[in-house]
Amino acid sequence: MSARHASGSVLTLLLAVNLTAPSTRAASLTPLTLQEVLDSTRERHPGVAAARQGLATADAELLSAEGGFDTLVKAKGTYVPFSYYPHERLDAVVEQPTPLLGTRLFAGYRLGRGDFPVYYGGYETLSDGELRAGLEIPLWRNGTIDKRRASLSQARLRREIAGFTFTGERIELQRQAAYHYWDWVAAGQQLRIAHDQYELAAARHDQLARRAEAGDIPRIEHTENERVLLERDADRIAARRALEKTALKLSLSLRDAQGEPYVVPASRLPDGLPVPETALEDSLDAWLERALRGRPELRELALQRDVLQVDAALARNQAAPAVDLGLSVARDVGAGPANLRPTEFQASLTLDIPLQARAARGQRRAAEAKRAAVEAKTRLAHDKIATEVRDAVSALRAAHERVGLARNAADVARRLARAEFTRFEQGATHLLVVNQREQAAADAELKEIKALMDYHHAVVDLLAATATIEPVSP
């Protein structure tokens with residue numbers, strides 16, 4: 001069976017309780033479904049809202065990294081009114097860094113008026129100033145990568161990491177919500193058993209009193225029933241408290257439209273825990289493949305490795321010589337000296353060689369060490385996930401076997417209890433033995449409930465371990 005089909009079969013088992021909701025009931029009395037709990041958790045759980053802020057933080061950091069390519073305007077004005085060479089100057093430039101091979105574009109305007117000494121003759125322009133434009137191209141260092149592009153690339157990777165972190169946290173919250181749901185349903189069934197046991201003893205109490213008065217049975221039989229009645233009433237109260245406790249735990253995941261905890265009433269309990277029809281016989285390899293492909297932790301680690309690869313590439317880049325080519329063109333406009341009228345073209349080459357480059361070498365070694373640590377963590381996460389999946393599949397199959405055995409044991413115990421009561425009616429046994437048989441039947445039913453609860457817990461664990469309970473994409 002394929003992993004896709006396997007996922008569908010398990011989801012059917014997980015959500016089977018939805019089928020127990022009668023369509024004729026009022027909305028307020030409709031049995032609570034697991035799907036309703038999971039939807040509430042995804043949409044209104046405070047933990048999901050808190051985790052979503054990680055996405056908002058990553059988006060803000062990405063915006064900050066994109067700011068490295070913002071257009072920059074620089075301007076400077078100088079006014080010298082009292083001097084042997086009174087003059088005024090204005091210089092403005094617009095710079096635009098680009099991700100294209102680290103190229104930087106610029107365009108500017110310069111105006112110089114007044115008297116200038118010979119050694120500052122370059123400040124002088126025609127009457128309407130000088131227009132200029134150009135670009136700078138890194139030929140070696142900062143050509144394939146630079147700090148701006150590295151920051152932007154890492155910010156994008158961290159945004160993806162934040163998405164998978166959010167998905168992982170939401171999977172865990174839904175796993176806990178599903179656990180609380182099944183605990184609540186099981187507690188409801190346990191209360192039903194305790195109530196039935198109490199009603200059984202209460203129904204025959206008056207009958208036993210009349211028989212004891214008539215001398216049909218010893219009075220001690222009535223006293224024995226009174227003891228059992230008190231004991232079962234205490235058990236009923238304890239079971240009711242257990243149901244209330246599980247409802248309170250469930251309310252942390254089940255929220256109303258305003259996001260407030262919703263303590264679900266007992267009237268919304270489903271008819272019972274769904275009984276699995278067949279054991280899960282899907283291929284373990286298919287589940288493992290699905291988990292290793294979909295678990296967000298592995299995706300996070302792969303992206304963290306990519307972030308560190310960017311660090312290492314940037315460090316190697318910083319250790320290389322800088323060879324920058326500059327090209328510019330300038331032209332003065334307006335009236336003035338003839339020597340300022342021709343269009344000027346300029347090319348430049350700048351060389352910057354780090355002789356020791358210890359900072360860059362240290363950064364590269366640190367990045368490589370961190371990357372090796374991430375690879376080791378990835379191997380460990382891979383092994384842990386595989387173990388979780390194997391354990392979940394094993395628990396699911398064992399729980400299915402236990403459900404079958406517990407159902408048979410409960411059926412036998414109930415038949416024994418009925419037969420023992422018939423013998424008591426015929427005077428062939430004592431009420432103490434009847435009570436023991438009934439308690440054994442109740443214990444067997446509780447074990448059946450426990451086996452069913454463990455089965456549905458195992459289904460939830462398998463869905464969480466394979467990232468099936470939540471879509472992988474954030």
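Which residues does A58 touch, not counting residues up to four places away in sequence? Keep that one in mind for a moment. A quick note before we start: this is a predicted model.

Now the answer. A58 touches R158, R159 and A162, leaving out residues up to four places away in sequence. A58 sits in helix α3, residues 46–66. Is A58 buried or exposed? A58 is buried, because its relative accessible area is 5%, and buried means under 20%. A58 and L157 are 99 residues apart in sequence. In space, their C-alpha atoms are 9.4 Å apart.

Next, the cores. The largest nonpolar core has 56 residues. Those with the most contacts inside it are L32, Y181, W184, L250 and V389. Several helices give two or more residues to this core, among them α2 (34–44), α4 (147–203) and α6 (219–251). Others on that list include α7 (284–294), α8 (296–319) and α9 (358–425). Then there is α10 (431–465). The largest share, 13 residues, comes from α10.

V389 is then in contact with L284, W287, L288 and A291, among others. Its contacts also include L462, A465 and T466.

How many strands does the open sheet have? It has six, in the order β1-β2-β3-β4-β5-β6, with antiparallel pairing. The edge strands are β1 (72–80) and β6 (344–352), and each pairs on one side only. Neighbouring strands are turned by 15 degrees against each other on average, direction ignored.

Let's walk across it. β1 pairs with β2, residues 87–97, over nine bridges. Y79 stands opposite E88 in β2. β2 then pairs with β3, residues 104–114, over eleven bridges. Here D91 has R110 in β3 as its bridge partner.

β2 and β3 also form a hairpin, with six residues between them. In the turn, L101 has a positive phi of about 55 degrees.

One more step. Seven bridges join β3 to β4, residues 130–138, and the two run antiparallel. L105 has L135 in β4 as its bridge partner.

How values were computed: Residues are numbered from 1 along each chain as its sequence is written. This is a predicted model: local features need pLDDT of at least 70, side-chain atom pairs count only at pLDDT 80 or more; totals for chains, interfaces and linings use all residues. Side-chain values use heavy atoms; hydrogens and water are left out. A nonpolar core is a set of buried Ala, Val, Leu, Ile, Met, Phe, Trp, Tyr and Cys residues joined through side-chain atoms within 4.5 Å. Buried means under 20% relative accessible area, exposed over 50%, partly exposed in between (1.4 Å probe, protein chains only). Helices (H or I, at least four residues) and strands (E, at least two) are DSSP runs, numbered from the N terminus. Contact means heavy atoms within 4.5 Å. Two strands pair if DSSP finds at least two bridges between them. Axes are lines fitted to C-alpha atoms, for helices over the stretch in contact, and angles run from 0 to 180 degrees between N-to-C directions.
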